[in-house]
Amino acid sequence: MIFNYILAITAVTIVVALGYGLLRLAYFVHASGQIVEKSSAYEQTPENTETKILILGDSTALGTGADNPQNSVAGRLGQDFPTASVINKAENGMRSDQLLDRLDGLLIDESYDLIVIHIGANDVLRMRKLERTKQNIGLIVDRSLNNADNVALFTSGNIGEAKLIPWFARPLMSKRSLKLRDFGIELESEIDNFVYVDLYYKDSGLPSSDFYADDQLHLSDKGYGLWHQELRNALKKHTGLYY
């Protein structure tokens, strides 16, 4: 009798927890769709351009989740270099294989002072084979360096920390994020004029509600501010773009 009662309570608890989890996930997915729909890329084309910057990659390169494009990494680079031409060819949902396939068409000029690439997060989320992802990213970086004095790469932060991800999948997402992070660090040690922006172990000092947008996956203005600061730090250390 007692055993049946405990079993019933356990079953109800599991059903309620699953139901809550599904409702929560549905809310975040709906919020993500709305955020993606209103996202737009930051670009600038000042007269007498002295510097050319090209932005490539996924939603974090586009600035999805920022309240306005100026608060994205690209927008903040535009503020750092007001006389620079900032060209943004990023797309929501971009994977490494897609960027590699389109790269020749995106490298429209013969030379850039800086190419900033955000790629790999969707490969992690969509369970793409990471060895293939690494090969794709290596080729993307190599080909970009043919057209740029400097190349900077973001893969992702710790995707397992994003609350949109169901709790049972978070350890796997963290492990996959870490593998791409390790690859980026290795790549930086082997290639000149290339910087990897290491985000994985950075403590934002912010609650996730401030670091992430409403969908708890894309970055907020403050999140992009922290990513931009890490990019600045990497470029200051390894290039002459910041003095």
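Strands β3 (residues 114–118) and β4 (residues 151–154) run parallel and are joined by 4 bridges. Strands here are DSSP E runs of at least two residues, and helices are H or I runs of at least four, both numbered from the N terminus. Two strands count as paired if DSSP finds at least two bridges between them. Opposite Ile-115 stands Val-151 in β4. This is a predicted model: local features need pLDDT of at least 70 and side-chain atom pairs count only at pLDDT 80 or more, while totals for chains, interfaces and linings use all residues. Residues are numbered from 1 along each chain as its sequence is written, and side-chain values use heavy atoms, leaving out hydrogens and water.

Now widen the view. The open sheet has 5 strands, in the order β2-β1-β3-β4-β5, with parallel pairing. Its edge strands are β2 and β5 (194–196), each pairing on one side only. On average, neighbouring strands are turned by 15° against each other, direction ignored. Axes are lines fitted to C-alpha atoms, for helices over the stretch in contact, and angles run from 0 to 180 degrees between N-to-C directions.

Strand β1 (residues 51–57) pairs with β2 in the parallel sense over 5 bridges. Ile-53 stands opposite Val-86 in β2. Is β2 buried or exposed? Because 5 of the 5 residues of β2 (residues 84–88) are buried, the strand is largely enclosed by the rest of the structure. Buried means under 20% relative accessible area, exposed over 50%, and partly exposed in between (1.4 Å probe, protein chains only). Ala-84, Val-86 and Asn-88 point one way from β2, and Ser-85 and Ile-87 the other way.

Next come the helices. Helix α4 (residues 96–106) lies across β1 and β3, at about 155° to β1. Helix α3 (residues 73–80) has 6 of its 8 residues buried, so it is largely enclosed by the rest of the structure. Its buried residues pack against β1, α2 (59–62), β2, β3 and α9. Contact means heavy atoms within 4.5 Å. In helix α6 (residues 130–145), the buried residues include Leu-130, Ile-137 and Val-141. The buried residues of α6 pack against α4, β3, α5 (121–125), β4, α7 (170–190) and β5.

The largest nonpolar core has 63 residues. Such a core is a set of buried Ala, Val, Leu, Ile, Met, Phe, Trp, Tyr and Cys residues joined through side-chain atoms within 4.5 Å. Leu-77, Leu-99, Ile-115, Ile-117 and Leu-231 touch the most other members. Helix α9 (residues 221–238) gives the largest share, 5 residues. Leaving aside its neighbours within four places in sequence, Leu-231 is in contact with Val-73, Leu-77, Val-116, Ala-152, Phe-154 and Val-197.

Last, the charged pairs. The whole structure holds 8 salt bridges, each a side-chain nitrogen of Lys or Arg within 4 Å of a carboxyl oxygen of Asp or Glu. Arg-102 and Glu-91 meet in one (2.7 Å, N to O). Arg-102 is in helix α4 and Glu-91 in the loop between β2 and α4, 11 residues apart. Arg-102 is partly exposed, with a relative accessible area of 36%. Arg-181 forms another with Asp-198, the closest N and O atoms being 2.9 Å apart. Arg-181 lies in helix α7 and Asp-198 in the loop between β5 and α8 (208–211), so the pair ties together parts 17 residues apart in sequence. Arg-181 counts as buried at 15% relative accessibility, and Asp-198 counts as buried at 18%.
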